[in-house]
Every structure is written in structure tokens, then in C-alpha cells.
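Dear colleague,

Please look at it alongside the text below.

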Amino acid sequence: MTTATSLVADTEWRAHAAALAAIVAEVADPRWAEAFAVVPRHVFVPRFFRRDAAGDLVAIEGSDPAQRAQWLEEVYSDTALTTQLGQIDPGNTLRPLTISASSSTKPTLMARMLTDLNAHPGHRVLEIGTGTGYNAALLCHRLHDGHVHSVDIHPELVTVAHARLVSLGYHPRLSCLDGAHGWAEHALYDRIIVTCGISTIPYPWVAQTRPGGLILTEALAGGHGMLARLTVADDGTACGHFLDYPGLFMTLRQTPHRIARPAELPPEQLHGARHASTTLDPAVLADPAFAFFCQLHLGSGRSNHHVVEGATKATVVAHDGSWAQTTSGTHGVLVTFDGTHNPWQTVETAHHTWTQLGRPRPCAFGLTVTPHQQHAWYQHPTSDWTHPLT
Ligand SMILES: C[S@@+](CC[C@H](N)C(=O)[O-])C[C@H]1O[C@@H](n2cnc3c(N)ncnc32)[C@H](O)[C@@H]1O
């Protein structure tokens, strides 16, 4: 195993870590900021990948003398760093796509999440998504390490993270598991923190959290999800508000080696597409608050937009693969669509509702999870406006 411990003198990394902790302190509880000053991130990120000017992913290695200074600088910057690559649809040789399969999360995001987790010494914590082990190390530093549990679906990540944690004197419980099932063996937990994205909340997380305990997770896939903090009740339900920041996490995968291709426009389906007009400006999707609300309606589908020659072009893909794309011209906005329905109508309906509600921000909404269903609500769990999560 590559270990970065010996690559950097104690005084050198401590100076870098102190500077990172000062950045983190602007958004986090000081007790968590202090953890960033004393837990060496470079031990968990001996190399990372970044895109070069040509768009290719290249490795930056701490062990390479020519890259060492850049590596150390970036490891202690407030940046998410890709640490493992994976292929989307490895069997699809026509359109292989290499993407990040694991990463060390942006430190200020980690710190906000740890603060919002509201975990204290004595709490038993389960982390879904061990990755590098850095977040587990921060948890071990502040809580009793025997109370920290962490799972990842990729066996090598777990083995390497375990060795790094032990090298620093931390002994949390780690396991290679599909985090969608939680880790029943050591339940109940006081806190569950999830560092990958999901469309709906797996019920085992609720069942494995003690009444009064918290689950902090990004909810809603499609790139427009937000963190949500749910409190588990005595009756086996969980309920809580969305927070006002996204995680932009990679989606929970079902096997270590297969990353599902995100919903996208399949070009071969362009033949036979139909057309409609719309009065809704596609630029509405540029507002993160509306994109979030729209995502509630799209479920595991997705929307995105980009600006072409001054006009916003939006693409929407429904959960069943039906798609719509907008084109702005002198005669207004044209919608091209194909599939079982026109998903742009979902965006129109969502926009109408969102406007009627007064254009609320994500934190005005919340989630309730029961063993049988889960739904979003507006302002309070018994409000008139609810929407099922699918
Ligand atoms: C953003 S990284 C986690 C970062 C990590 N907390 C750290 O401090 O380095 C997300 C991780 O989720 C893991 N993951 C994806 N699907 C999973 C699943 N079904 N169960 C458990 N872990 C999963 C990935 O392998 C990846 O390591």
C-alpha cells in the first residue's frame, strides 16, 4: 500500500492542516474545525486524479518528487479530490465513460455535514461511503473510535482505509457492504451520515437508528438534490427538513464495479421525435431552488441546462427514459420529445406549483419516511402540499 505518512514532515503538514482548518472554521462548529487541524488529510489521499487541459484524467502523486508540491498544496485546499476511477457501463464498449468512483469530499462540505450531524462523544455513528477513510478519521478524533462504523461497497477502498486509520491509531469498525442495507449487526446507531447520493431513503437506515437519532443524507438524485436531516421517531418513521446545500455526491451503486449511466439523451432516439411549444423559459432551471423542486417531480430522472449563443437549452429525461429538449428561436421555445410522454410538461407543472407556493427555497421542504412510503412536504409534515418520492 502507498503510504503518504513518511512523505511529509510533521511541521509541514501541520502548517497546511492549520490553514485548512481556518477555512473550515468559517462554516463549521469549532470543535470540528479543530479536527481538520490534527487529522492529516494527506495520509488518506496519497494520490488523486484531475482532468488535464485535454480533459483526460491524470494522477497527481505525492510520491513523485516532480508533483509533490502541487499534490500537498491541493490535498490541503478546500477541494474535492477524485481518488478512484470507474467506468460507467463497463460492458458498453461503444460509449465507455471514465468517471470518479470515489473521492475525498470537499472539506468545507464535510465540515458542514459533521456540524449538522450534531454528533457528540458517546454517540454511535454509521457512515455510508468510507472512501478514503478521512471522514471516518475525523469522526474517530472527536468521538470514541470504537463507536465509529463505516461501510463502502468497494473492498479495496475498505482495506486501504482501514490500514490508514490504524496507522494513525484509530480503530473504527469498517466493512465492505452495500450501504443501502445499513449495517444491522451493530445497530442501533445515534447518527447515520451518508456520503453518497440516493433517490429515495433506504428504510434500513431508519430501522437501524434509535428513536431520537438523526440521519443526514443527500436526498434526490439527478444532480439537484440537497442534504436532508431526518429525526427518527418511536413509531419507526423518520421526518425532517431539507437543508439549503447540496452534496453533489456520486450515486450509491449496487455493485463495486458497475456505475450506472445517468439518465441522458440517447441520440439514436432522435428519429421519430415529436414537437410541442412552450411558454416556459428554460432558464428557470438555472435557479437551484426550482431545479431542486423540479427534481422532486422527476424522481430518478434528471434535468440539465446550458447556454448556447445566449439562449438556455434544457434537457429533461424522465425515469422511464422519455426525454425532451428545448430549442429557443425567433418564434419562441420549441420542445422536441420522445418516449411515453413529454417530460417538459413535468417541468411546466412543477414550475406552476412552485410559483403558487411562493417560489420557496429547498429548506422550506421536508421528508417523511415510513416503512411503506416516503414523501416530501412543504413547511410541515401535515401540510396540504405533499409529493411522493419515487
Ligand atoms: C464521496 S465518496 C466518500 C468519501 C468518504 N466519506 C471520505 O471521507 O473519503 C463516496 C463513496 O461511496 C461509496 N459507495 C457507493 N455506493 C455505495 C454503496 N452502495 N454502499 C456503500 N458505499 C458506497 C463509493 O465507493 C465511494 O467510496
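A backbone N or O atom of Ser 103 lies 3.5 Å from an oxygen atom of the ligand, a polar contact being a pair of N or O atoms within 3.5 Å (within protein, one must be able to donate a hydrogen and the other to accept it, and residues adjacent in sequence count only if both atoms are side-chain atoms). Taken alone the ligand exposes 610 Å², of which the protein buries 100% (accessible areas by the Shrake-Rupley method with a 1.4 Å probe; for residues, only the protein chains shown count as cover).

This is a predicted model, in which local features need pLDDT of at least 70 and side-chain atom pairs count only at pLDDT 80 or more, while totals for chains, interfaces and linings use all residues. Residues are numbered from 1 along each chain as its sequence is written, and side-chain values use heavy atoms, with hydrogens and water left out.

Around the ligand there are 25 residues, of which Ser 102, Thr 132, Asp 152, Gly 179 and Arg 253 come nearest (near means a heavy atom within 4 Å). By class, this shell has nine nonpolar, 12 polar and four charged residues, where Ala, Val, Leu, Ile, Met, Phe, Trp, Tyr, Cys and Pro count as nonpolar, Asp, Glu, Lys and Arg as charged, and the others, Gly among them, as polar.

Best regards
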